[in-house]
Amino acid sequence: MTTKKRIMLTAVVMAAVVILVACGSDSKNGRKKNSADNSDENLTLYYANSTWTDLFPEVFTRDQLVTTENLIDTVMNALMDSGEMTDKQVPVPQGVTYQRYTYDGQATINLMFNVDWEATDTYEMVLSKAAFVRTLTQIESVKKVVYEYTDIANENSIVREELTNDSFSDMDNFMNPHEEYNIYMPDSTGQKLVQKTIDLDRSAPESLEEQMVAGLRMSYDGTVVPLNEKTVVKSVTVDDADGVCTITFNESFADGTAGVDDEILVYSVVDSLMELEDVKRVQINVDNTNNRLNNIDLSRKFTADYSKLER
(Lines give C-alpha, C1' and ligand atoms only; values in the text may rest on other atoms or scores of the structure.)
Protein backbone atom coordinates (compact mmCIF):
# COMPACT_ATOMS: atom_id res chain seq x y z
CA MET A 1 0.00 0.00 0.00
CA THR A 2 1.42 3.36 -0.90
CA THR A 3 1.43 5.46 2.19
CA LYS A 4 2.04 8.80 0.67
CA LYS A 5 -1.49 8.61 -0.57
CA ARG A 6 -2.79 7.90 2.83
CA ILE A 7 -2.32 10.13 5.21
CA MET A 8 -0.83 12.40 2.86
CA LEU A 9 -0.46 13.86 1.25
CA THR A 10 -1.70 10.78 1.95
CA ALA A 11 -4.15 16.76 4.80
CA VAL A 12 -6.67 19.53 5.35
CA VAL A 13 -5.31 23.02 5.73
CA MET A 14 -1.65 23.14 4.87
CA ALA A 15 -2.41 25.98 2.51
CA ALA A 16 -3.65 28.15 5.32
CA VAL A 17 -0.59 27.21 7.34
CA VAL A 18 1.75 28.10 4.49
CA ILE A 19 0.13 31.48 3.97
CA LEU A 20 0.27 32.31 7.65
CA VAL A 21 3.89 31.27 8.07
CA ALA A 22 5.26 32.68 4.84
CA CYS A 23 3.44 35.97 4.97
CA GLY A 24 3.35 36.53 8.72
CA SER A 25 -0.40 37.03 8.68
CA ASP A 26 -2.58 37.07 11.77
CA SER A 27 -3.59 33.76 13.28
CA LYS A 28 -7.15 32.57 13.36
CA ASN A 29 -7.52 33.69 16.96
CA GLY A 30 -6.39 37.19 16.00
CA ARG A 31 -2.87 37.04 17.46
CA LYS A 32 0.01 38.43 15.39
CA LYS A 33 2.72 35.86 14.69
CA ASN A 34 6.23 36.19 16.07
CA SER A 35 8.70 37.49 13.51
CA ALA A 36 10.76 34.74 11.92
CA ASP A 37 14.43 35.30 11.12
CA ASN A 38 15.53 33.02 8.29
CA SER A 39 19.15 34.17 8.20
CA ASP A 40 22.01 31.67 8.10
CA GLU A 41 22.56 32.06 11.86
CA ASN A 42 18.99 31.29 12.82
CA LEU A 43 16.27 28.73 12.33
CA THR A 44 12.56 29.13 12.93
CA LEU A 45 11.00 26.50 15.17
CA TYR A 46 7.32 25.93 14.50
CA TYR A 47 5.08 24.93 17.38
CA ALA A 48 1.29 24.75 17.54
CA ASN A 49 -0.38 27.77 19.06
CA SER A 50 -2.39 27.47 22.28
CA THR A 51 -5.66 26.70 20.50
CA TRP A 52 -4.24 24.41 17.79
CA THR A 53 -5.50 26.75 15.08
CA ASP A 54 -2.18 27.96 13.63
CA LEU A 55 1.55 27.53 13.83
CA PHE A 56 3.56 29.47 16.40
CA PRO A 57 7.02 30.39 15.00
CA GLU A 58 9.91 31.06 17.32
CA VAL A 59 13.43 32.15 16.40
CA PHE A 60 16.16 29.68 17.33
CA THR A 61 19.83 30.68 17.24
CA ARG A 62 21.90 27.88 15.82
CA ASP A 63 25.50 26.99 16.58
CA GLN A 64 27.33 27.16 13.25
CA LEU A 65 29.99 24.71 14.44
CA VAL A 66 27.67 21.92 15.51
CA THR A 67 27.32 18.77 13.39
CA THR A 68 24.14 18.08 11.45
CA GLU A 69 23.30 15.17 13.76
CA ASN A 70 23.72 17.31 16.87
CA LEU A 71 21.72 20.16 15.34
CA ILE A 72 18.83 17.82 14.51
CA ASP A 73 18.92 16.44 18.03
CA THR A 74 18.91 19.94 19.53
CA VAL A 75 16.04 21.07 17.31
CA MET A 76 13.95 17.97 18.08
CA ASN A 77 14.52 18.42 21.82
CA ALA A 78 13.45 22.05 21.51
CA LEU A 79 10.30 21.15 19.58
CA MET A 80 9.34 18.59 22.19
CA ASP A 81 9.61 21.16 24.99
CA SER A 82 7.30 24.17 24.86
CA GLY A 83 8.71 25.48 28.12
CA GLU A 84 6.55 27.56 30.42
CA MET A 85 4.97 29.61 27.64
CA THR A 86 1.21 29.19 27.42
CA ASP A 87 0.79 30.51 23.89
CA LYS A 88 2.60 27.61 22.21
CA GLN A 89 2.39 23.83 22.39
CA VAL A 90 4.54 20.87 21.42
CA PRO A 91 3.34 20.05 17.85
CA VAL A 92 2.17 16.52 18.65
CA PRO A 93 -1.63 16.42 18.39
CA GLN A 94 -4.29 14.65 20.41
CA GLY A 95 -4.34 10.90 19.85
CA VAL A 96 -0.67 10.80 18.81
CA THR A 97 2.36 9.89 20.93
CA TYR A 98 5.87 10.72 19.76
CA GLN A 99 8.32 7.80 20.06
CA ARG A 100 11.64 8.68 18.46
CA TYR A 101 13.36 9.84 15.29
CA THR A 102 16.16 8.55 13.09
CA TYR A 103 18.39 10.35 10.59
CA ASP A 104 19.89 8.39 7.70
CA GLY A 105 22.98 10.59 7.51
CA GLN A 106 21.98 11.82 4.08
CA ALA A 107 18.73 13.69 3.57
CA THR A 108 15.89 11.95 5.41
CA ILE A 109 14.55 12.15 8.95
CA ASN A 110 12.09 9.47 10.08
CA LEU A 111 9.64 10.48 12.80
CA MET A 112 7.94 7.61 14.61
CA PHE A 113 4.62 7.95 16.41
CA ASN A 114 1.97 5.73 17.97
CA VAL A 115 -1.55 6.77 16.98
CA ASP A 116 -5.10 6.17 18.10
CA TRP A 117 -6.91 7.02 14.88
CA GLU A 118 -10.26 7.33 16.65
CA ALA A 119 -8.89 10.13 18.85
CA THR A 120 -7.16 12.21 16.16
CA ASP A 121 -8.29 15.49 14.67
CA THR A 122 -7.53 15.98 10.98
CA TYR A 123 -6.76 19.70 11.29
CA GLU A 124 -4.35 19.09 14.16
CA MET A 125 -2.64 16.26 12.26
CA VAL A 126 -1.96 18.57 9.34
CA LEU A 127 -0.75 21.38 11.57
CA SER A 128 1.62 18.94 13.30
CA LYS A 129 3.11 17.80 10.00
CA ALA A 130 3.56 21.38 8.87
CA ALA A 131 5.35 22.27 12.10
CA PHE A 132 7.86 19.42 11.93
CA VAL A 133 8.48 19.57 8.19
CA ARG A 134 8.89 23.33 7.97
CA THR A 135 11.21 23.28 10.96
CA LEU A 136 13.41 20.35 10.03
CA THR A 137 13.82 21.10 6.32
CA GLN A 138 15.52 24.39 7.20
CA ILE A 139 18.51 22.26 8.15
CA GLU A 140 20.59 22.19 5.01
CA SER A 141 21.16 18.42 4.92
CA VAL A 142 17.48 17.54 5.50
CA LYS A 143 15.35 17.32 2.36
CA LYS A 144 12.60 14.91 3.41
CA VAL A 145 10.67 13.99 6.54
CA VAL A 146 9.05 10.55 6.73
CA TYR A 147 6.22 9.96 9.18
CA GLU A 148 5.60 6.48 10.55
CA TYR A 149 2.33 6.01 12.41
CA THR A 150 1.85 2.74 14.29
CA ASP A 151 -1.79 2.02 15.12
CA ILE A 152 -2.09 1.31 18.85
CA ALA A 153 -4.98 -1.03 18.06
CA ASN A 154 -2.86 -3.05 15.62
CA GLU A 155 0.91 -2.73 15.86
CA ASN A 156 1.26 -4.41 12.46
CA SER A 157 -0.61 -1.52 10.85
CA ILE A 158 2.03 1.08 10.05
CA VAL A 159 1.30 4.06 7.84
CA ARG A 160 4.23 5.86 6.21
CA GLU A 161 4.07 9.29 4.64
CA GLU A 162 6.87 11.21 2.95
CA LEU A 163 6.77 15.01 3.06
CA THR A 164 9.00 17.80 1.82
CA ASN A 165 8.57 21.54 1.68
CA ASP A 166 7.00 21.02 -1.74
CA SER A 167 4.20 19.11 -0.02
CA PHE A 168 2.90 22.49 1.11
CA SER A 169 2.98 24.21 -2.28
CA ASP A 170 -0.40 23.05 -3.65
CA MET A 171 -2.61 25.26 -1.57
CA ASP A 172 -5.97 24.32 -3.07
CA ASN A 173 -5.12 20.64 -2.69
CA PHE A 174 -4.47 20.94 1.02
CA MET A 175 -7.35 23.25 1.89
CA ASN A 176 -9.63 20.26 1.55
CA PRO A 177 -8.59 16.61 1.88
CA HIS A 178 -11.60 15.47 -0.12
CA GLU A 179 -11.42 15.13 -3.88
CA GLU A 180 -13.74 13.68 -6.48
CA TYR A 181 -12.49 10.93 -8.79
CA ASN A 182 -14.10 8.99 -11.58
CA ILE A 183 -15.17 5.44 -10.82
CA TYR A 184 -16.40 3.00 -13.47
CA MET A 185 -19.35 0.76 -12.70
CA PRO A 186 -21.22 -1.80 -14.84
CA ASP A 187 -24.45 -0.46 -16.26
CA SER A 188 -27.75 -2.17 -15.49
CA THR A 189 -27.21 -4.62 -18.38
CA GLY A 190 -23.70 -5.56 -17.24
CA GLN A 191 -22.43 -5.00 -20.80
CA LYS A 192 -21.02 -1.48 -20.55
CA LEU A 193 -19.28 0.71 -18.03
CA VAL A 194 -20.81 3.88 -16.65
CA GLN A 195 -18.68 6.73 -15.34
CA LYS A 196 -19.68 7.91 -11.88
CA THR A 197 -17.88 10.03 -9.30
CA ILE A 198 -16.64 9.13 -5.84
CA ASP A 199 -15.36 11.32 -3.02
CA LEU A 200 -12.01 10.15 -1.65
CA ASP A 201 -10.35 11.46 1.50
CA ARG A 202 -6.57 11.94 1.44
CA SER A 203 -6.52 12.32 5.24
CA ALA A 204 -8.17 8.94 5.91
CA PRO A 205 -6.15 6.01 7.30
CA GLU A 206 -7.15 4.00 4.22
CA SER A 207 -5.17 4.62 1.05
CA LEU A 208 -6.87 6.16 -1.98
CA GLU A 209 -6.55 2.78 -3.69
CA GLU A 210 -8.36 1.05 -0.83
CA GLN A 211 -11.06 3.70 -0.82
CA MET A 212 -11.52 3.35 -4.58
CA VAL A 213 -11.96 -0.42 -4.32
CA ALA A 214 -14.41 0.04 -1.45
CA GLY A 215 -16.35 2.35 -3.75
CA LEU A 216 -16.92 -0.56 -6.11
CA ARG A 217 -19.21 -2.00 -3.43
CA MET A 218 -21.45 1.07 -3.42
CA SER A 219 -24.71 1.63 -5.27
CA TYR A 220 -24.98 4.28 -7.97
CA ASP A 221 -28.01 5.13 -10.10
CA GLY A 222 -28.27 2.96 -13.21
CA THR A 223 -25.44 0.62 -12.22
CA VAL A 224 -24.81 -2.73 -10.58
CA VAL A 225 -22.05 -3.72 -8.19
CA PRO A 226 -19.24 -5.47 -10.13
CA LEU A 227 -18.03 -7.76 -7.33
CA ASN A 228 -20.11 -10.72 -6.22
CA GLU A 229 -21.13 -10.93 -2.57
CA LYS A 230 -18.57 -13.61 -1.70
CA THR A 231 -15.60 -11.74 -3.16
CA VAL A 232 -13.20 -10.47 -0.52
CA VAL A 233 -10.51 -7.87 -1.19
CA LYS A 234 -7.50 -9.20 0.70
CA SER A 235 -5.03 -6.42 -0.08
CA VAL A 236 -4.38 -3.41 -2.30
CA THR A 237 -0.79 -2.22 -2.68
CA VAL A 238 1.11 0.12 -4.99
CA ASP A 239 4.77 -0.24 -5.88
CA ASP A 240 6.13 3.29 -5.81
CA ALA A 241 8.98 2.31 -8.14
CA ASP A 242 6.90 1.28 -11.14
CA GLY A 243 3.36 2.36 -10.27
CA VAL A 244 1.93 -1.17 -10.39
CA CYS A 245 -1.15 -1.47 -8.21
CA THR A 246 -1.64 -5.06 -7.10
CA ILE A 247 -5.06 -6.06 -5.87
CA THR A 248 -5.56 -9.51 -4.38
CA PHE A 249 -8.99 -11.15 -4.17
CA ASN A 250 -10.09 -14.42 -2.64
CA GLU A 251 -11.04 -17.27 -4.95
CA SER A 252 -14.66 -16.08 -5.26
CA PHE A 253 -13.59 -13.36 -7.69
CA ALA A 254 -12.93 -16.11 -10.26
CA ASP A 255 -16.64 -17.02 -10.16
CA GLY A 256 -17.46 -13.72 -11.81
CA THR A 257 -20.64 -11.80 -11.11
CA ALA A 258 -24.08 -12.85 -12.34
CA GLY A 259 -25.37 -10.49 -15.00
CA VAL A 260 -21.98 -8.77 -15.50
CA ASP A 261 -19.74 -9.51 -18.46
CA ASP A 262 -16.31 -10.73 -17.33
CA GLU A 263 -14.42 -8.01 -19.20
CA ILE A 264 -16.72 -5.37 -17.72
CA LEU A 265 -15.95 -6.75 -14.27
CA VAL A 266 -12.20 -6.61 -14.85
CA TYR A 267 -12.17 -3.13 -16.36
CA SER A 268 -14.50 -1.78 -13.70
CA VAL A 269 -11.65 -2.52 -11.29
CA VAL A 270 -8.81 -1.55 -13.62
CA ASP A 271 -10.22 1.69 -15.04
CA SER A 272 -11.26 2.90 -11.60
CA LEU A 273 -7.82 2.32 -10.06
CA MET A 274 -6.12 3.89 -13.08
CA GLU A 275 -7.82 7.19 -12.21
CA LEU A 276 -5.39 7.56 -9.30
CA GLU A 277 -2.20 9.47 -9.93
CA ASP A 278 0.24 6.88 -8.61
CA VAL A 279 -1.28 3.96 -10.48
CA LYS A 280 0.28 3.22 -13.89
CA ARG A 281 -0.81 -0.40 -14.31
CA VAL A 282 -3.01 -2.86 -12.42
CA GLN A 283 -2.18 -6.45 -11.47
CA ILE A 284 -5.09 -8.66 -10.36
CA ASN A 285 -4.29 -11.70 -8.22
CA VAL A 286 -6.87 -14.30 -7.24
CA ASP A 287 -6.03 -16.71 -4.42
CA ASN A 288 -6.13 -20.47 -4.94
CA THR A 289 -6.77 -20.25 -8.68
CA ASN A 290 -4.75 -20.26 -11.88
CA ASN A 291 -5.36 -16.51 -11.98
CA ARG A 292 -8.01 -16.62 -14.64
CA LEU A 293 -11.53 -15.29 -14.88
CA ASN A 294 -13.01 -17.82 -17.28
CA ASN A 295 -11.40 -16.85 -20.62
CA ILE A 296 -9.49 -13.85 -19.26
CA ASP A 297 -5.86 -14.30 -18.26
CA LEU A 298 -5.35 -12.18 -15.17
CA SER A 299 -1.60 -12.73 -14.93
CA ARG A 300 -0.77 -9.75 -17.12
CA LYS A 301 -0.60 -6.16 -15.96
CA PHE A 302 -3.60 -4.16 -17.16
CA THR A 303 -3.88 -0.59 -18.36
CA ALA A 304 -7.10 1.37 -18.77
CA ASP A 305 -9.52 0.55 -21.59
CA TYR A 306 -12.23 3.16 -21.98
CA SER A 307 -13.69 1.55 -25.10
CA LYS A 308 -16.17 -0.23 -22.85
CA LEU A 309 -17.54 3.05 -21.54
CA GLU A 310 -21.16 3.82 -22.33
CA ARG A 311 -21.34 6.73 -24.75
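Predicted model: local features only at pLDDT ≥ 70, side-chain atom pairs only at ≥ 80, totals over all residues.
Is aspartate 287 buried, partly exposed or exposed? Aspartate 287 is partly exposed, at a relative accessible area of 23%.

## Overall make-up

The protein has six helices and 15 strands. Of its 311 residues, 51% count as buried. The accessible surface is about 14,500 Å², and carbon and sulfur atoms account for 43% of that area.

Seven salt bridges are found in the structure. One of them pairs glutamate 58 with lysine 88, with 2.8 Å between the closest N and O atoms. This pair links distant parts of the chain, as glutamate 58 is in strand 2 (residues 55-61), lysine 88 is in strand 3 (residues 88-89), and the two are 30 residues apart. Lysine 88 has a relative accessibility of 6%, so this residue counts as buried.

Another salt bridge joins aspartate 287 to lysine 234, again with the closest N and O atoms 2.8 Å apart. Aspartate 287 is in the loop between strand 12 (281-286) and strand 13 (292-293), while lysine 234 is in strand 10 (residues 233-238), so the bridge ties together parts that are 53 residues apart in sequence. The two partners fall in separate accessibility classes: aspartate 287 is partly exposed at 23%, whereas lysine 234 counts as exposed at 52%.

## A salt-bridge network

Glu263, Asp305 and Lys308 are linked in a network of salt bridges. Lysine 308 counts as buried because its relative accessibility is 14%, and the cut-off for burial is under 20%. Aspartate 305 is partly exposed, with a relative accessible area of 22%.

## Helix 3

Helix 3 spans residues 122-136, which makes 15 residues. The distance from its first C-alpha to its last is 21 Å, close to the 21 Å expected at 1.5 Å a residue. Most of this helix is covered, with 14 of the 15 residues buried.

At the start of helix 3, aspartate 121 places a side-chain oxygen within 3.1 Å of the backbone nitrogen of tyrosine 123.

In soluble globular proteins, nonpolar side chains tend to be buried together. The largest nonpolar core here has 39 residues, and Phe253, Val266, Ile284 and Leu298 touch the most other members. At least two residues of this core come from each of strand 8 (178-186), strand 9 (193-201), helix 5 (208-215), strand 10, strand 11 (244-249), helix 6 (262-273) and strand 12. Helix 6 supplies the largest share, seven residues.

Leaving aside residues up to four places away in sequence, phenylalanine 253 touches Leu227, Asn228, Thr231, Leu265, Ile284, Val286, Leu293 and Leu298. A second, separate core holds 31 residues, including Leu71, Leu79, Val133 and Ile139.

## Threonine 303

Threonine 303 is located in the segment after strand 15 (301-302). Its relative accessible area is 41%, so threonine 303 is partly exposed. Threonine 303 and arginine 281 are 22 residues apart in sequence, yet their C-alpha atoms are 5.1 Å apart in space.

Not counting residues up to four places away in sequence, the contacts of threonine 303 are Tyr267, Val270, Met274, Lys280 and Arg281.

## Residues with positive phi

Most residues other than glycine have a negative phi. Which phi value does tryptophan 52 have? Phi of tryptophan 52 is near 55 degrees, a positive value in a residue other than glycine. Tryptophan 52 lies in the loop between strand 1 (42-49) and strand 2, and at 9% relative accessibility tryptophan 52 counts as buried.

Asparagine 291 also has a positive phi, about 60 degrees, although it is not a glycine. This residue is in the loop between strand 12 and strand 13, the loop that also holds aspartate 287. Asparagine 291 counts as buried, with 12% relative accessibility, whereas aspartate 287 is partly exposed.

Technical notes. Residues numbered from 1 in each chain as written. Heavy atoms only, no water. Salt bridge = Lys/Arg side-chain N within 4 Å of Asp/Glu carboxyl O. Helix = DSSP H or I, 4+ residues; strand = E, 2+ residues; numbered from the N terminus. Buried < 20%, exposed > 50% of the residue type's maximum accessible area, 1.4 Å probe, protein only. Expected span 1.5 Å × (residues − 1). Polar contact = N/O pair within 3.5 Å; in protein donor to acceptor, adjacent residues only side chain to side chain. Areas by Shrake-Rupley, 256 points an atom, 1.4 Å probe, with all protein chains shown as cover. Core = buried A, V, L, I, M, F, W, Y, C linked by side-chain atoms within 4.5 Å. Contact = heavy atoms within 4.5 Å.
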